[in-house]
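Hello,

Here is the structure I promised to pass on. Have a look, and then read on for what turned up in it.

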Amino acid sequence: MSASEFMLLPLAERISLLYREGTFVVAIRYYGYKVNLYLINGFYVEAFYNHKLDKIERIELLPNSHTRLKFYSDQISLPSDLLQ
């Protein structure tokens with residue numbers, strides 16, 4: 001499954017697929033969310049968990065140019081192609 005096919009799935013199916021087939025990488029705190037980074041089928045996705053609502057509000061592909069990469073790279077070694 002490609003990243004674009006994954007993103008076309010309903011949120012509930014993306015969540016289920018992440019828990020079944022994704023590999024948890026690291027978690028960060030970001031603007032009131034706990035953001036879990038996963039690797040699935042060769043691409044990285046972020047799951048945004050809202051503690052107040054006790055649910056995952058959204059799942060997004062990790063953009064290579066986003067400033068959140070700094071939060072992740074401070075904790076783990078990311079592949080060099082992500083940091084370009």
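**Helix, sheet and cores**

Helix H2 (residues 11–21) lies across E1, E2, strand E3 (43–50) and E4, and runs at about 80° to E4. Helices (H or I, at least four residues) and strands (E, at least two) are DSSP runs, numbered from the N terminus; axes are lines fitted to C-alpha atoms, for helices over the stretch in contact, with angles from 0 to 180 degrees between N-to-C directions.

This is a predicted model, in which local features need pLDDT of at least 70 and side-chain atom pairs count only at pLDDT 80 or more, while totals for chains, interfaces and linings use all residues. Residues are numbered from 1 along each chain as its sequence is written, and side-chain values use heavy atoms, leaving out hydrogens and water.

The strands form an open sheet of 4 in the order E1-E2-E3-E4, with antiparallel pairing (two strands pair if DSSP finds at least two bridges between them). Strand E1 (23–30) and strand E4 (55–61) are at the edges with a single partner strand each, so one side of each has no neighbour in the sheet. E1 is joined to strand E2 (residues 33–40) by 7 bridges, and arginine 29 stands opposite lysine 34 in E2.

The largest nonpolar core has 12 residues, including Phe6, Leu18, Tyr38 and Ile59. Such a core is a set of buried Ala, Val, Leu, Ile, Met, Phe, Trp, Tyr and Cys residues joined through side-chain atoms within 4.5 Å, where buried means under 20% relative accessible area (1.4 Å probe, protein chains only). H2, E2, E3 and E4 each supply at least two residues of this core.

Best wishes

Terms used. Contact means heavy atoms within 4.5 Å. Buried means under 20% relative accessible area, exposed over 50%, partly exposed in between (1.4 Å probe, protein chains only).
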